[in-house]
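Please read the following briefing alongside the sequence and the model. It is arranged by topic for a reader who works with computed structures.

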Amino acid sequence: MPTQITGFLGSPDPSGVLLPLGLAYAEAERPLDALDALGRFLKDAPAVPDAKRKEIGAKFAVMLDQVAALVTLDASRQNAQVKIDGRPVGVTPIDTPLRLMPGKHEIVMMPAPTDPSSGARVLLEVRPGERRSVKLEPGTRSRFLEPQSQ
């Protein structure tokens with residue numbers, strides 16, 4: 001089996017096929033394939049110069065914006081722990097938009113220990129490349145937000 005094909009199929013990449021393949025996928029607007037190839041390249045590459053790592057990092061950021069949704073949280077309560085799908089993501093205010101993979105997610109603002117009604121829970125579904133703002137307010141009922149049609 002030729003070295004290029006062997007590299008492509010998952011064994012070590014001595015011929016350097018994964019980097020150009022990942023960059024080609026990125027140019028072809030195939031972000032999932034590009035992320036896979038570039039991720040495998042970075043994992044297996046013995047030594048990548050800093051300039052090349054920066055170039056690949058910039059490509060990753062662009063592809064993540066195409067693949068993931070950006071969600072901005074607006075919480076009415078300060079210093080509240082926020083969890084997404086059960087995983088802690090920070091304490092309000094959270095100023096940086098969060099990247100979420102497409103699909104359904106649960107966002108929870110944990111209630112204050114002295115006020116069980118001060119929490120909030122929102123269910124939403126996001127699509128690739130979508131930008132969404134979510135308001136977390138105490139007493140907000142759980143609701144499922146359908147993606148807006150374009």
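This is a predicted model: local features need pLDDT of at least 70, side-chain atom pairs count only at pLDDT 80 or more; totals for chains, interfaces and linings use all residues.

Residues are numbered from 1 along each chain as its sequence is written, and side-chain values use heavy atoms, with hydrogens and water left out.

- Glutamate 106 forms a salt bridge with arginine 121, with 2.4 Å between the closest N and O atoms; a salt bridge is a side-chain nitrogen of Lys or Arg within 4 Å of a carboxyl oxygen of Asp or Glu.
- This pair links distant parts of the chain, with arginine 121 in strand β6 (residues 120-126) and glutamate 106 in strand β5 (residues 103-109), 15 residues apart.
- Arginine 121 is likewise partly exposed, its relative accessible area being 34%.

**Overall architecture**

- The chain has four helices and eight strands; helices (H or I, at least four residues) and strands (E, at least two) are DSSP runs, numbered from the N terminus.
- From the N terminus on, the order of elements is α-α-α-α-β-β-β-β-β-β-β-β.
- The chain has 150 residues, of which 34% count as buried.
- Of the contacts between residues at least 6 apart in sequence, 45% join residues at least 24 apart, where contact means heavy atoms within 4.5 Å.

**Other salt bridges**

- The structure holds three salt bridges.
- One of them joins the side chains of lysine 135 and aspartate 74, at 3.1 Å from N to O.
- That pair links distant parts of the chain, since lysine 135 lies in strand β7 (residues 131-136) and aspartate 74 in strand β1 (residues 69-75), 61 residues apart.
- Lysine 135 is partly exposed, with a relative accessible area of 38%, and aspartate 74 is partly exposed with a relative accessible area of 38%.
- A salt bridge also connects the side chains of arginine 132 and glutamate 130, at 2.9 Å from N to O.
- Arginine 132 counts as buried at 13% relative accessibility, and glutamate 130 counts as buried at 11%.
- Side chains of opposite charge can pair when their charged atoms come close.

**Strand β5 and its partners**

- Strand β5 is mostly covered, with five of its seven residues buried.
- Strand β2 (residues 81-84) runs antiparallel to β5 and is joined to it by three bridges; two strands pair if DSSP finds at least two bridges between them.
- Isoleucine 84 has isoleucine 107 in β5 as its bridge partner.
- Seven bridges join β5 to β6, and these strands run antiparallel.
- Methionine 109 has alanine 120 in β6 as its bridge partner.

**The loop between β5 and β6**

- Proline 111 is found in the loop between β5 and β6 and is partly exposed, with a relative accessible area of 36%.
- Proline 111 touches Arg77, Pro116, Ser118 and Gly119, not counting residues up to four places away in sequence.
- Proline 111 and arginine 77 are 34 residues apart in sequence, and their C-alpha atoms are 9.6 Å apart in space.

- Helix α2 (residues 18-27) is largely enclosed by the rest of the structure, because seven of its ten residues are buried.
- The buried residues of α2 are Leu18, Leu19, Leu21, Gly22, Leu23, Tyr25 and Ala26.
- Helix α4 (residues 50-67) has 18 residues and reaches 25 Å from its first C-alpha to its last, close to the 26 Å expected at 1.5 Å a residue; the expected span is 1.5 Å times one less than the number of residues.
- The buried residues of α4 are Ile56, Met63 and Val67.
- These residues cover an arc of only 40° around the axis, which puts them on the same side of α4; the arc is that of the directions from the helix axis to the C-beta atoms.
- Asp50, Ala51 and Lys54 are exposed residues on the face of α4 turned away from its buried side.

Key
Buried means under 20% relative accessible area, exposed over 50%, partly exposed in between (1.4 Å probe, protein chains only).
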